[in-house]
Structure formats: C-alpha cells, structure tokens
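Student: Hey, can you walk me through this one? I'm new to it.
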Amino acid sequence: MSRALVITVVILILAALVGVFMIKRNFDRIYEIKQEAYTEFKLITFTECGLRGNKEIHQLKNDADVIYGDDIKSFVIPDGFKLQTFPETKTKGSSFTYKGPAFVKCADRTIKSFIFYKGDGTDSGDSMESP
C-alpha cells in the first residue's frame with residue numbers, strides 16, 4: 001500500500017469520526033432542549049431553524065397567564081399548551097395554532113408574533129397536532 005493511500009484512508013476515517021461526533025452532539029443538544037420544555041412546561045423558541053439562533057424560554061406563572069412573543073422559526077411546546085402564531089407583528093393576520101407536545105425544527109410558515117397559553121380547546125384558527 002502506498003503512503004499516500006494510507007494517509008488518505010486515515011484522513012477519511014478521522015473525518016467520519018468527527019462527523020459522527022458532531023451529529024451525536026446535535027442529537028444530545030436537541031434531546032436536552034425537548035426534555036427541558038416537556039418536563040418543566042416551558043415554551044422554548046429560536047430565531048433560526050434547527051433550534052438555533054437566539055433562544056428564548058417562556059414559562060407561564062399560572063394557568064390563566066398568556067405570553068406574547070415575536071419572530072420565531074423553531075420551537076418546542078409542552079403537553080397541554082398551545083402556541084397561536086401569526087404571520088404579522090402584533091398578533092395580526094390569519095392565525096395558526098400548534099398544540100403541544102410539539103417539536104417544530106423549522107416552521108413551514110412565517111411567524112412574526114405568537115401567543116402562548118395553557119390549552120383549553122377554545123382557540124380559533126387552524127390547528128395542528130404534533131406528529
């Protein structure tokens with residue numbers, strides 16, 4: 001075996017190991033975010049797809065609270081809660097409601113504002129159960 005071939009094989013093996021490590025680290029990061037949201041009843045939002053960008057944690061103080069927010073692309077909603085989303089700022093435009101538990105790695109619609117609340121089945125607009 002030539003020296004160049006050995007070096008190439010070693011480099012490919014190292015690249016594969018680094019790739020596996022990075023994938024595992026990302027899975028672990030997503031698992032921890034989901035666990036935090038689901039076990040501590042928090043809405044966790046991000047400004048970028050893939051649970052990246054600016055992270056914000058929203059937690060209701062009591063069941064009657066409502067939290068307003070803006071401009072998100074990915075999020076995790078705990079069971080028993082809903083996220084009513086709007087395509088315009090200040091909760092304007094036709095709404096769409098996600099029901100928890102839900103893990104949305106990249107929203108398929110523009111979300112410029114939202115309302116997070118304890119779900120009671122009385123919201124208006126379309127809705128989507130988590131897959």
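Tutor: Let's go through the salt bridges and then the strands.

Tutor: This is a predicted model, where local features need pLDDT of at least 70, side-chain atom pairs count only at pLDDT 80 or more, and totals for chains, interfaces and linings use all residues. Residues are numbered from 1 along each chain as its sequence is written, and side-chain values use heavy atoms, with hydrogens and water left out.

Student: OK, how many salt bridges does a search of the whole structure find?

Tutor: The search finds 6 salt bridges. A salt bridge here is a side-chain nitrogen of Lys or Arg within 4 Å of a carboxyl oxygen of Asp or Glu.

Student: Which side chain meets lysine 24 in a salt bridge?

Tutor: That's aspartate 28, at 2.8 Å from N to O. Both residues lie in helix H1 (residues 3-40), and they are 4 residues apart, about one turn of the helix. Helices are DSSP runs of H or I with at least four residues, strands are runs of E with at least two, and both are numbered from the N terminus.

Student: What about lysine 42 and glutamate 36, buried or exposed?

Tutor: Both are buried. Their side chains form a salt bridge at 3.2 Å, N to O.

Student: Which residues are linked with them in a network of salt bridges?

Tutor: Glu40 and Lys55 join Glu36 and Lys42 in that network.

Student: Which residue does arginine 109 meet in a salt bridge?

Tutor: Aspartate 108, at 3.4 Å from N to O. Aspartate 108 is exposed, with a relative accessible area of 63%, while arginine 109 is partly exposed at 34%.

Student: Switching to strands, how many bridges pair S1 with S2?

Tutor: Strand S1 (residues 43-48) and strand S2 (residues 52-58) pair over 5 bridges, in the antiparallel sense. Two strands pair if DSSP finds at least two bridges between them. As one example, threonine 45 has glutamate 56 in S2 as its bridge partner.

Student: What's in the hairpin of S1 and S2?

Tutor: There are 3 residues between the strands, and glycine 50 takes a positive phi near 75° in this hairpin.

Student: How many bridges join S1 to S4?

Tutor: 3 bridges join S1 to strand S4 (residues 74-77), and the two run antiparallel. In S4, serine 74 is the bridge partner of phenylalanine 46.

Technical notes:
Buried < 20%, exposed > 50% of the residue type's maximum accessible area, 1.4 Å probe, protein only.
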